[in-house]
Amino acid sequence: MMSFRTILTVLNGRNGDAASLETAYAVASMTDSHIDVMHVRPDPRGYVDFTGDAMTGNAYVQLIESLEEEIAGNAKAARASFDAWVADAGIAVVDGPGGSGQVTATWRERTGAEDKTIAGEARLRDLVILSATGEDRDSVRDGAIEKAIFDSGRPLLLTPRDAG
């Protein structure tokens, strides 16, 4: 059986987070792996750059504020999923992999483009787990999946909405 020392699981604060965490735990428990759980906060200015000059200054500010609220809500939901998961499963939260003979986890939050951030972080892990169903699928997530497959050089496991 293939052994994974470190697993990267990416949460986005949506319905697929629980399935991603359950899948990561199922894989990690076979070899007492470390799970890096990461949430990527996109920069809202990256979304509005596509609007060009079509917006007034006030509309631009309102759009940025709305995006910031949504991004903060997703980050809060992702962190809450992580906290509940480690508490329910009795997983030790540590700074990084240490060969403790048990499944451990770390919370990481990054800011940037999801696709590039995931691909960069994935290069440093043995396996990547992403949710790719229902509301979790959009053009941003599809781009992240593509980058994880082609740019990271690591195996990718896509989870269904309900891993149970």
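What covers the buried residues of helix 1? I shall answer that in a moment, after a word on the model.

The structure is a predicted model, in which local features need pLDDT of at least 70 and side-chain atom pairs count only at pLDDT 80 or more, while totals for chains, interfaces and linings use all residues. Residues are numbered from 1 along each chain as its sequence is written, and side-chain values use heavy atoms, with hydrogens and water left out.

The covering of the buried residues of helix 1 includes strand 1, strand 2, helix 3 (57-89), strand 5 and strand 6. Helices (H or I, at least four residues) and strands (E, at least two) are DSSP runs, numbered from the N terminus. By "buried" I mean under 20% relative accessible area; exposed is over 50%, and partly exposed lies in between, with a 1.4 Å probe and protein chains only. Among the buried residues of helix 1 are Ala19, Leu21, Ala24 and Val27. The helix has 15 residues and spans 22 Å from its first C-alpha to its last, close to the expected 21 Å; the expected span is 1.5 Å times one less than the number of residues. Just after helix 1, Asp32 has a positive phi of about 50°.

Six strands form an open sheet in the order 3-4-2-1-5-6, with parallel pairing. Strand 3 (92-93) and strand 6 (156-159) stand at the edges with a single partner strand each, so one side of each has no neighbour in the sheet. Helix 1 (residues 17-31) packs on this sheet, touching strand 1 (6-11), strand 2, strand 5 (127-131) and strand 6, and its direction makes about 170° with that of strand 1. Such angles run from 0 to 180 degrees between N-to-C directions, and the axes are lines fitted to C-alpha atoms, for helices over the stretch in contact. Contact, in turn, means heavy atoms within 4.5 Å.

Strand 2 pairs in the parallel sense with strand 1 over six bridges, and with strand 4 (residues 104-111) over eight bridges; two strands pair if DSSP finds at least two bridges between them. The bridge partner of Leu11 in strand 2 is His39. From strand 1 the chain crosses through helix 1 to strand 2, and this β-α-β crossover is right-handed. Right-handed means that, with the strands pointing away from the viewer, the path from the first strand over the helix to the second runs clockwise. His39 is buried, with a relative accessible area of 2%. Leaving aside neighbours within four places in sequence, His39 has contacts that include Asn74, Ala78 and Trp107.

Finally, the aromatic rings. How many aromatic pairs does a search of the whole structure find? The search finds two. Rings of Phe, Tyr and Trp (its six-membered ring) pair if their centres lie within 6.5 Å; planes under 30 degrees apart count as stacked, over 60 as edge-to-face and the rest as tilted. The rings of Phe82 and Trp85 have centres 6.1 Å apart and planes at 50°, so this pair is tilted. Phe82 is buried, at 1% relative accessibility. The rings of Phe82 and Trp107 have centres 5.4 Å apart and planes at 40°, so this pair is tilted. Because Phe82 lies in helix 3 and Trp107 in strand 4, their pair ties together parts that are 25 residues apart in sequence.
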